[in-house]
Amino acid sequence: MMPGGLSRARSATPEIQEIADKVKSLLEEKTNEKYEVFKAVEYKSQVVAGQNYFIKMDVGGGCFLHIKVFKGISGENVLELHGYQTNKTRKDELSYF
């Protein structure tokens with residue numbers, strides 16, 4: 001993958017689930033929702049000055065959302081929630097946002 005380009009969609013891994021879990025409370029704060037189900041389904045990544053992860057999340061009841069998480073290149077591995085999209089379906093493609 002070249003820098004700046006978005007990877008193809010891949011099935012979520014335990015590492016991707018861990019990334020999503022670490023920003024879950026920030027997302028719940030921003031959306032004013034509590035997610036009982038919060039399962040990473042698939043993701044795309046983008047190399048920038050660090051790494052962006054675009055993750056499709058199953059939040060139960062046939063509802064999905066997309067989150068964008070930035071992981072810096074510092075040794076601290078700080079994760080930042082850079083955006084989210086609600087009202088998505090399983091078929092909606094992950095894209096830049």
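This is a predicted model: local features need pLDDT of at least 70, side-chain atom pairs count only at pLDDT 80 or more; totals for chains, interfaces and linings use all residues.
**K44**

K44 contacts L6, S7, R8, A9, N52, Y53, F54, E93 and L94, leaving out residues up to four places away in sequence. I count a contact when heavy atoms lie within 4.5 Å. K44 sits in strand β2. I take helices (H or I, at least four residues) and strands (E, at least two) as DSSP runs, numbered from the N terminus.

Is K44 buried or exposed? K44 is buried, at a relative accessible area of 9%. My cut-offs are under 20% relative accessible area for buried, over 50% for exposed and partly exposed in between, with a 1.4 Å probe and protein chains only. I then checked the side chain of K44: one of its polar atoms is 2.9 Å from the backbone oxygen of L94.

**Ground rules**

Local features need pLDDT of at least 70, side-chain atom pairs count only at pLDDT 80 or more, and totals for chains, interfaces and linings use all residues. Residues are numbered from 1 along each chain as its sequence is written, and side-chain values use heavy atoms, with hydrogens and water left out.

**K56**

I moved on to K56 in strand β3. K56 is buried, with a relative accessible area of 2%. Which backbone oxygens lie by its side chain? The oxygen of R90 is 2.5 Å from a polar atom of the K56 side chain. For the oxygen of D92, the distance is 2.7 Å. The contacts of K56, not counting residues up to four places away in sequence, include V41, E42, F64, H66 and L94.

**Strands**

I traced the pairing next, where two strands pair if DSSP finds at least two bridges between them. β2 (residues 39–48) and β3 (residues 50–60) are antiparallel, with nine bridges. They form a hairpin with one residue between them. Strand β1 (residues 10–11) runs antiparallel to β2, joined by two bridges. I noted Y43 on both sides: R10 stands opposite Y43, and I55 is the bridge partner of Y43 in β3.

**Helix α1**

I checked the length of α1 (residues 14–31). Its 18 residues should span 26 Å, and the end C-alpha atoms are 24 Å apart, which agrees. The expected span is 1.5 Å times one less than the number of residues.

Where does α1 bend? I found a bend of about 45° at K24. That is the angle between axes fitted to the seven residues ending there and the seven starting there.

I listed the buried residues of α1: I16, Q17, I19, A20, V23, L27, E28 and T31. Their cover includes β2, β3, β4 (63–71) and β5 (79–88). Just after α1, N32 has a positive phi of about 60°.

Notes. A polar contact is a pair of N or O atoms within 3.5 Å; within protein, one must be able to donate a hydrogen and the other to accept it, and residues adjacent in sequence count only if both atoms are side-chain atoms.
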